[in-house]
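Hello,

Here is the structure we talked about handing over. Please open it first, then read my notes below.

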Amino acid sequence: MLDYFKNYLKQPGLKRRVGIMLLGVFLMGFFLSFLIPINLGTDPCTFMNVTISGRLGILFGTWQLLLNLVLIIIVFISEYRYIGPGTIANMVLIGYISDFFRWVWSNIIPDTCFTDMPSRAVIFVITLAGFIVSASLYMNADVGVSPYDAMPLIVHDKFLKKVPFKFVRIGYDFLVIIIGCLFGGTPNIGIILMALALGPVITAVGKKLSRFLGVDVK
């Protein structure tokens, strides 16, 4: 294991891939800061975590970090090769970046922009597309993924290799939506669109970036 991580740091193009990952992570948190208050739909993970954090009365970023700290133990035991710089960046940064920008917007942007049409719909469409592409950048940089995102990869690699990853990801996301509903969340069209789009877009963007990043795409 120690040799693996030593060799990991010597990979060609690692700095470039870490840069792409950090850009993706920052943009994910940034776009979530719009998607959450607009409340027309987020990614399934955010839907579940926003619902649970609201129930517990703690920051979204804090609950997301706590959940990933539990999941990383499973990932480390099952397949530690999914752990890397992207794992830590996702666990620590996305939730708190979103919390920070939501605080900023609450002080400089009128609430009506998030509640009234057509501004609400326009912001939603733009930020939804931005978030999906940002998530694809972060995952396809191949420098480690969040424990949450590692789970469907582990299921695919160990149990469902013959099933295209995009379908495994779709099934996983719908399972998370169900968990969010059990905690009192109400899914809407944006969450369904995200669940359907994440897997295919991750694959499509990965194919476009594969030569630039020098990594293989599932």
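How many aromatic pairs does the structure hold? There are 12 aromatic pairs in it. One of them joins Phe30 and Phe34: the ring centres are 5.5 Å apart and the planes stand at 75°, so this pair is edge-to-face. The cut-off for that label is planes over 60 degrees apart. Please keep in mind that this is a predicted model.

Phe30 and Phe34 both sit in helix α2, 4 residues apart, so about one helical turn separates them. Are they buried or exposed? Buried means under 20% relative accessible area. Phe34 has 12% relative accessibility, so Phe34 counts as buried. Phe30 has 22%, so Phe30 counts as partly exposed.

Ring pairs also build a cluster. Its members are Phe26, Phe30, Phe31, Phe34, Phe100, Phe101, Trp103, Trp105 and Phe114.

Now the helix itself. α2 covers residues 14–38, which makes 25 residues. At 1.5 Å a residue, α2 should span 36 Å. The C-alpha atoms at its ends are 36 Å apart, so the two values agree. α2 does have a kink of about 25°, centred on Leu32. After α2 comes Asn39, and the phi of Asn39 is positive, near 60°.

Next, the surface. Which residues form a nonpolar patch there? They are Leu22, Leu59, Ile88, Val92, Leu93 and Tyr96. Together these residues have about 490 Å² of accessible area. Helix α5, residues 85–108, gives the largest share of the patch, with 4 residues.

Where does Leu59 lie? Leu59 is in the loop between α3 (44–56) and α4 (60–79). Its relative accessible area is 49%. Exposed means over 50%, and buried means under 20%. Leu59 therefore counts as partly exposed.

Last, the overall picture. The protein chain has 10 helices and 0 strands. Read along the sequence, the pattern is α-α-α-α-α-α-α-α-α-α. The chain has 218 residues, and 49% of them count as buried.

Go to α2 and find the kink centred on Leu32. Then turn to α5 and look at the nonpolar patch, where this helix provides 4 residues.

Best wishes

Methods. Residues are numbered from 1 along each chain as its sequence is written. This is a predicted model: local features need pLDDT of at least 70, side-chain atom pairs count only at pLDDT 80 or more; totals for chains, interfaces and linings use all residues. Side-chain values use heavy atoms; hydrogens and water are left out. Patches are made of residues with over 30% relative accessible area and no salt bridge: like charges are joined within 9 Å, nonpolar side chains (Val, Leu, Ile, Met, Phe, Trp, Tyr) within 5 Å. Accessible areas come from the Shrake-Rupley method with a 1.4 Å probe; for residues, only the protein chains shown count as cover. A salt bridge is a side-chain nitrogen of Lys or Arg within 4 Å of a carboxyl oxygen of Asp or Glu. Helices (H or I, at least four residues) and strands (E, at least two) are DSSP runs, numbered from the N terminus. Buried means under 20% relative accessible area, exposed over 50%, partly exposed in between (1.4 Å probe, protein chains only). The expected span of a helix is 1.5 Å times one less than its number of residues. The bend at a residue is the angle between axes fitted to the seven residues ending there and the seven starting there. Rings of Phe, Tyr and Trp (its six-membered ring) pair if their centres lie within 6.5 Å; planes under 30 degrees apart count as stacked, over 60 as edge-to-face and the rest as tilted.
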